[in-house]
Amino acid sequence: MPDDVTARRRAGAGLGLVLALVCTAMLLRVLPPQEREDPGGCGPLTTRSWTADSALDAEFTRYGDDDTRADDWTGGDGTHSVRLPDGRVLWLFSDTYLGRVYGPPNLYGEPHAWRDTSAPLVRNSAVVMSPAGRLESTLPTPLFPDPAPGRWRWPVAARVEPRSPGSSEQVVRVLLWTRAAGAYPWIYGVPVATEVATLSLPDLRVEGVVRILDQEQVADPSRRVLFGTTTAADGRWTYVFGGDDARAVARPASQAFVARVERGRLAEASAWQYWDGSAWTSRPRPGAVLGDGRATGVSSAFTVVRDRGTYVLLTMAAGSRGLTTVTSYWACAPTGPWHGPGPGLRAPLPAGEVAAYNPQAHPELGGDGGLVLSYDVNWLDATGLAAQANLSRDVSLYRPRFLVLRLSRG
């Protein structure tokens, strides 16, 4: 996955996204008739409180530190998840470390588990969690092969849906970002296209990948839009959100976009409709739903959840605060109007030159009214080699961390 702060070079591995966590509110406006919600079901949402999800943190530590196999996940970013019909959870990651993890102390005498700097790094991976919440296995890596030399695929949001509208057979659709190697400032890759992969159930075999929206014809890479950072379902429609890479060229904020697809048709490019600013259209010319490029906007990765008729968007704050701080917006429809940004909250971070990024909601994991939110952690450094050394020196850095948020009407 990508990101946005030019002061930061890519941390040897991982998405270049610099995001983090949390949310909230502002004032309700009149919606277009075709997007109107029940007034009693929509209103400002704010984060009442949050706590660390120590159980999920500990489970990823247990699995990542297990050295019984050399081809298992030991760290990664771009954290997304989807619950499968049989109760399992499929976790999807972008850049991923494999190899063995060694117990502390590390080579510097520090109390950290560590890996060798020559450990394999793959562009994507998937880890299966049991219905009871235990991480069990890493699928063969990379799960989604590179489309061509110098190009790779990062998985983002995933959904279980009918193989086709009305079908009783279900499959997993995984949205993919295709990127290509590029020169600075495109140190995390130039955006190329949005794709969708289909995985069979229950065996999670990749059946194929289709291209949905090609962006290579857009001359300015910072204006290219990749969809799939997050999705939200409402009735017959799956809403797919995306963003541009404006922050890669030092703009304070990127813009958010939205498309919609009828359930069962995510893998059909002709079924996608894009919001052009005033109406849904089949022409791939999306119009921004959020972001003025300065004080308001998103990072190239963000998350959206629907709660009691209100859509809540969590993203990094504009500017350098996005290294540690997340803010939020809310709306009564995917197309907006979006209200905010709300107050920011700093993500808990370990010691060191690190940043939090890529906040992602996991509503399938929440219980007792809480919303599980993950964020990724990476090392900030001017050189990839130095960053890779620090990520290997302490393997806990390049792993997701989890919070449970409590939302309330404000």
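I shall speak about one arginine, then a strand pair, and then the cavities.

This is a predicted model, in which local features need pLDDT of at least 70, side-chain atom pairs count only at pLDDT 80 or more, and totals for chains, interfaces and linings use all residues. Residues are numbered from 1 along each chain as its sequence is written, and side-chain values use heavy atoms, with hydrogens and water left out.

Arginine 153 lies in strand S9, residues 151–162; strands here are DSSP E runs of at least two residues, numbered from the N terminus. Is arginine 153 buried or exposed? Arginine 153 is buried, with a relative accessible area of 10%, where buried means under 20% with a 1.4 Å probe, protein chains only. The side chain of arginine 153 makes a polar contact of 2.6 Å with that of glutamate 195; such a contact is a pair of N or O atoms within 3.5 Å, one able to donate a hydrogen and the other to accept it.

Let us turn to the strand pair. Strand S11 (residues 190–199) runs antiparallel to strand S12 (residues 206–214), and seven bridges join them; pairing requires at least two DSSP bridges. Valine 196 stands opposite valine 210 in S12. Six residues lie between the strands of this hairpin, in which leucine 204 takes a positive phi near 60 degrees.

Finally, the cavities: there are two of 30 Å³ or more, a cavity being a set of points on a 1 Å grid over the protein atoms alone where a 1.4 Å probe fits but cannot get out.

Methods:
Helix = DSSP H or I, 4+ residues; strand = E, 2+ residues; numbered from the N terminus. Buried < 20%, exposed > 50% of the residue type's maximum accessible area, 1.4 Å probe, protein only. 1 Å grid on protein atoms, 1.4 Å probe; cavity = no way out; pocket = protein on both sides within 12 Å on 5 of 7 lines; lining within 4 Å. Points joined across faces, edges and corners; volume = space filled by probe spheres on them.
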